Every structure is written in structure tokens, then in C-alpha cells.
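Me: I would like to go through the aromatic contacts in this model. Please set each value against its cut-off.
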Amino acid sequence: MSVLENITSEDAIALEDKYGAHNYHPLPVVLSRGKGVFVWDVEGKKYYDFLSAYSAVNQGHCHPKIVGAMMEQAQTLTLTSRAFYNDKLGAFEKYATETFGFDKLLPMNTGAEAVETALKICRKWAYEKKNIAENEAEIIVCENNFHGRTTTIISFSNDPVARKNFGPYTKGFIKIEYDNLKALEEALTNNPNVSGFLVEPIQGEAGVYVPSEGYLKKAKELCEKFNVLFIADEVQTGIARTGRLLATCGNCSCPDKHCSGTPEVKPDILILGKALSGGAYPVSAVLANNEIMEVIRPGNHGSTFGGNPVAATIAMAALDVIKEERLAENSQELGELFRSELNEFIPHCDLVTSVRGKGLLNAILINDREESSTAWDICMALKENGLLAKPTHGNIIRFAPPLVMTKEQLLDCVDIIKRTLSNFKK
Ligand SMILES: *Cc1c(COP(=O)(O)O)cnc(C)c1O
């Protein structure tokens with residue numbers, strides 16, 4: 001039918017290169033099919049997916065329950081806008097707020113939009129509840145953060161590639177070192193204009209930086225002391241990725257006790273995205289209790305697609321799958337196995353200095369300069385051996401497979417990784 005039907009990898013790459021903006025540098029593999037933990041390229045070669053679309057596909061590719069829910073809803077009603085009610089949004093809001101333990105949810109589409117929404121809620125709360133003088137509210141963020149790509153969000157990034165020549169930048173942000181409670185306390189002290197602290201429970205894009213034990217809990221206590229909102233960006237860490245339903249896993253009411261980690265902190269504002277959609281369709285959300293969410297009134301904020309019935313239906317199915325298949329527990333168990341296998345291997349391998357992470361959000365550090373191409377070259381070799389992963393920053397490779405992986409599959413992957421690293425020549 002179409003010329004695209006039998007496209008080769010080479011042709012598909014050439015098309016994107018010629019007609020697409022060059023805002024990504026993809027690994028040269030062209031995928032045309034996915035199922036569970038596997039993806040296939042256009043030539044039919046099968047790979048383990050060790051990125052999961054940056055943790056958006058925690059439930060595995062084309063999960064039948066999620067795809068089924070999507071297809072059924074797509075044939076029934078797709079979009080009404082919020083000018084009218086639809087029959088799915090309320091059910092999703094009830095389900096998600098009960099699951100995560102909040103009064104209310106505000107639906108958006110992408111992670112960056114949800115972060116923007118949280119910032120807006122925080123600022124409005126600052127003026128209306130904390131009585132900060134107009135336009136004076138400040139929000140504390142962390143160095144090496146990643147919260148998305150909007151002009152405001154890149155304003156408080158310190159990644160020159162993401163930031164340079166996109167100014168003028170949005171004001172009102174204070175940047176402190178991640179995992180540094182003293183820096184947080186200093187930033188909070190004697191600054192009555194601080195209204196929020198925006199933080200990733202684990203810094204994913206920065207290279208899977210896990211903060212010190214107790215950091216989040218103590219940071220939350222400091223925020224409480226200074227009447228500042230603790231805003232957790234769990235777009236990447238949430239939805240069972242790190243071995244619990246949430247990396248912050250506060251008072252969430254996980255019905256099947258599938259949260260296997262120790263509860264740590266309950267954020268004032270929780271930001272979700274990525275795997276809230278099961279990788280099927282963009283869905284993001286901001287959750288908070290009434291005394292915070294009530295600052296948002298009709299006309300203050302919105303989105304044409306946010307909260308549409310397809311998104312709401314998919315998100316409910318995506319959360320069902322997490323619970324029914326006990327993916328938080330699986331993530332916890334396989335994550336421990338993965339790190340222990342690699343920790344045994346690392347002393348015998350000059351190339352890798354360490355492995356770190358939580359659940360199935362892990363990274364290895366390559367023993368080379370950050371600007372070297374070694375991590376990229378290793379990912380190319382992994383690809384040849386049937387496993388797809390990507391460097392995060394320079395010399396760090398993130399390993400984040402779908403959470404529906406079995407133990408046998410994980411050990412098979414560990415084998416591929418060890419073999420690739422052992423045979424790798426710089
Ligand atoms: C991916 C990500 C975002 C942005 O999500 P998009 O859907 O790409 O806009 C925000 N925060 C974190 C922590 C992320 O990992």
C-alpha cells in the first residue's frame with residue numbers, strides 16, 4: 001500500500017534525518033513492534049528494551065489490558081474538552097487519589113505540563129495562603145535537576161545544552177545542591193518568600209543519583225518547619241519503577257501491600273506522568289490535598305486534552321496492571337538481583353566502576369572521562385547483542401527495563417551485559 005510498509009532501518013533513519021528537527025540523537029535502531037519486555041526492529045531483530053521509553057512503559061509494551069481499554073474507549077468517546085463533563089474522568093480521579101492518598105487530582109498530558117501545573121499551584125498557594133507579596137514567591141530546586149523542556153523549567157536547569165540561547169529565563173527559583181540538607185536549611189532560613197521545594201526522589205536524567213538515606217524525610221520536615229510545600233516530581237520514579245508504588249511512598253493506600261519498601265515521606269504536591277499511561281498515550285497528573293488544590297478555580301488553569309476519557313481510561317488500566325501484577329514487588333526483587341549480579345561482576349571488569357539505583361531504575365558508571373564516547377560505544381555493542389540502553393550523561397548508562405520482566409529474562413540480560421562488557425575494546 002504505502003512505500004513505508006517495507007522500509008529499511010537505513011531509509012527510516014534517513015527520512016528522520018532529512019525531514020525531522022534534530023532535537024534528539026537516537027541510537028541507530030528503528031523499532032516497529034513491541035511486546036512485553038521486547039521490541040523488534042524493522043529487519044525483525046529482537047531486543048530487550050532496557051530504557052522503557054524513559055520509564056513510561058513500566059507495564060511492558062502493548063499490554064493487552066491497557067491496549068484493550070484504549071481501543072474500547074477510542075471507539076466510544078475520545079475528547080469532549082473540560083467544557084463538559086465526561087463519564088470517565090471522575091472515576092479516574094477517585095481511583096488515583098485513593099491509590100496515592102490525596103484529596104484531589106488535576107489531569108494534564110505530559111510530564112512537563114504537570115510540573116508547570118505544580119509550580120503554578122505552589123505560587124498561587126504562596127500568595128493566597130502564605131500571604132507572600134505579589135510576584136515575590138520563590139521555589140527551591142536542585143542542581144542537575146530534570147523536570148522537562150518548557151521555557152520556565154529550563155530556566156532553572158543547569159544543563160547548558162538544555163538552556164543556552166533559550167533566554168530570557170523565568171525568575172523565582174533558587175538552586176541548591178541535591179542531597180544536601182544544610183543547603184536546603186540555609187535556603188529556607190531568613191527567606192519568607194520561599195513557597196516550595198521541587199525535588200526528584202532519585203535524579204533520573206542526571207544519572208540515577210540516589211540521595212542519602214533519610215534525605216527526603218528530613219527535607220520534608222524542614223519544609224514543614226518553614227511552611228513550604230514539598231513538591232515531588234515522580235514522573236520517572238513513580239508507578240512502581242523504584243520498587244515501590246512511589247519512590248516517596250508516603251501514606252499511599254496500596255491495597256495489596258505491593259509497596260515493599262519503607263514508607264518515607266508524603267509530598268504536599270505529587271507529580272506523575274510517564275508510566276501513568278502504561279506507555280500508551282500521554283497522561284500526567286498533579287495530586288494534592290484540598291487546602292492546596294482549592295487555590296485553583298475555574299479559568300485559572302486548563303488543557304484541551306487533559307482529563308480526556310481515553311487518557312482517564314488508559315490511566316486506570318495502567319494502575320490496575322501495576323497492582324494486579326504486583327509490579328512494585330517485582331521491581332524491588334529484580335532490582336536487588338540485578339545490582340547484586342553486577343556488583344559481583346564489577347571487580348572483574350576495568351570498564352565499570354559501580355552500579356547504583358533502586359528497584360529497576362539503575363545505572364552503571366563507566367570508567368572513562370565524561371566526554372568520552374565509551375558509554376555510547378558500549379550501548380552500540382549492547383544493541384548488537386540484543387539489548388537496548390542509552391547513556392544518560394556522558395559516562396553513565398541507565399538500565400530501566402519494563403517491570404513485567406521475569407527473573408529468567410533478567411538473568412539473561414545480566415548475561416548479555418556481562419558478555420558485552422567483557423568483550424568490549426575501547
Ligand atoms: C520525563 C520527565 C519529565 C518530563 O516529562 P515529559 O512527558 O517528557 O514532558 C519531568 N520530570 C521528570 C523527573 C522526568 O523524568
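Reply: Buried means under 20% relative accessible area. One caution: this is a predicted model.

Me: Why is Phe-50 called buried?
Reply: Its relative accessible area is 0%. The cut-off is under 20%, so Phe-50 counts as buried.

Me: What makes Phe-338 buried or exposed?
Reply: Phe-338 has 1% relative accessibility. Buried requires under 20%, so Phe-338 is buried.

Me: How many aromatic pairs does the structure hold?
Reply: Eight. One of them joins the rings of Phe-38 and Trp-40.

Me: Why is the pair of Phe-38 and Trp-40 called tilted?
Reply: The ring centres are 6.3 Å apart, and pairing needs them within 6.5 Å. The planes meet at 50°. Stacked is under 30 degrees and edge-to-face over 60, so this pair is tilted. Both residues are buried.

Me: What makes the pair of Phe-50 and Phe-338 tilted?
Reply: Their centres lie 6.3 Å apart, with the planes at 45°.

Me: Which residues do ring pairs link into a cluster with Trp-40?
Reply: Phe-38 and Tyr-48. The ring of Trp-40 also has the charged end of Arg-33 over it, 4.1 Å from its centre.

Me: Where does Lys-266 lie?
Reply: Over the face of Phe-102, at 4.4 Å from the ring centre. The distance limit is within 6 Å.

Definitions and conventions. Residues are numbered from 1 along each chain as its sequence is written. This is a predicted model: local features need pLDDT of at least 70, side-chain atom pairs count only at pLDDT 80 or more; totals for chains, interfaces and linings use all residues. Side-chain values use heavy atoms; hydrogens and water are left out. Rings of Phe, Tyr and Trp (its six-membered ring) pair if their centres lie within 6.5 Å; planes under 30 degrees apart count as stacked, over 60 as edge-to-face and the rest as tilted. Buried means under 20% relative accessible area, exposed over 50%, partly exposed in between (1.4 Å probe, protein chains only). A charge sits over a ring if NZ of Lys or CZ of Arg is within 6 Å of the ring centre and within 35 degrees of the ring normal.
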